[in-house]
Amino acid sequence: MKEVTLRELREVTGLVLIDFFSPGCGVCTAIETKLVAVEKDFPSWKFFKINTVENPAVASEYSVFTVPTIVVQTDGREQKRWSRYFSLEEVIEFLHEIDETEG
């Protein structure tokens, strides 16, 4: 997973998963570790992470008020988001659904 800035994120198209995290968040660290493994199963997706402490403008632009938050986009449009308490299986299932409709 690549950490990006708002400018870089605005230029990205295609299938995108964005992980909003905070460095002091233990749950965020656990989610990120799992997402790195998930990323290998979705080669057509771009996985990014945003540190909300260092990049509050990005969090604000995406209306992220709690971490962890995961946002899924297709061609710059938000398709779904999960915040705070969610199952990573839900995210994986949704990515598969998008892959099926896009492919």
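Modeller: Start with the length of helix 2, residues 26–39. At 1.5 Å a residue, its 14 residues should span 20 Å, and the end C-alpha atoms are 20 Å apart, so the two agree. Bear in mind that this is a predicted model.

Next, the faces. Cys28, Ile31, Glu32, Leu35 and Val38 are buried in helix 2. Viewed down the helix axis, the buried residues fall within an arc of 120°, so they line one face. The face turned away from that buried side carries Gly26 and Thr33, both exposed.

Now the surroundings. The buried residues of helix 2 pack against strand 2 (15–21), strand 3 (45–51), strand 4 (69–74) and helix 4 (88–102).

Cys28 also takes part in a disulfide. Its partner is cysteine 25, with an S to S distance of 2.5 Å. The torsion about the S-S bond is about 80°, so this disulfide is right-handed. Cysteine 25 and cysteine 28 are both buried. The count for the model is one disulfide.

In one, the rings of phenylalanine 20 and tyrosine 62 have centres 5.5 Å apart and planes at 50°, so the pair is tilted. Phenylalanine 20 lies in strand 2 and tyrosine 62 in the loop between helix 3 (56–61) and strand 4, so the pair ties together parts 42 residues apart in sequence. Tryptophan 82 and phenylalanine 94 form an edge-to-face pair, 5.7 Å centre to centre with 75° between the planes. Tryptophan 82 is in strand 5 (residues 77–83), and phenylalanine 94 is in helix 4.

Key: Residues are numbered from 1 along each chain as its sequence is written. This is a predicted model: local features need pLDDT of at least 70, side-chain atom pairs count only at pLDDT 80 or more; totals for chains, interfaces and linings use all residues. Side-chain values use heavy atoms; hydrogens and water are left out. A disulfide is a pair of cysteine sulfur atoms within 2.5 Å. Buried means under 20% relative accessible area, exposed over 50%, partly exposed in between (1.4 Å probe, protein chains only). Helices (H or I, at least four residues) and strands (E, at least two) are DSSP runs, numbered from the N terminus. The expected span of a helix is 1.5 Å times one less than its number of residues. The arc is that of the directions from the helix axis to the C-beta atoms. Contact means heavy atoms within 4.5 Å. Rings of Phe, Tyr and Trp (its six-membered ring) pair if their centres lie within 6.5 Å; planes under 30 degrees apart count as stacked, over 60 as edge-to-face and the rest as tilted.
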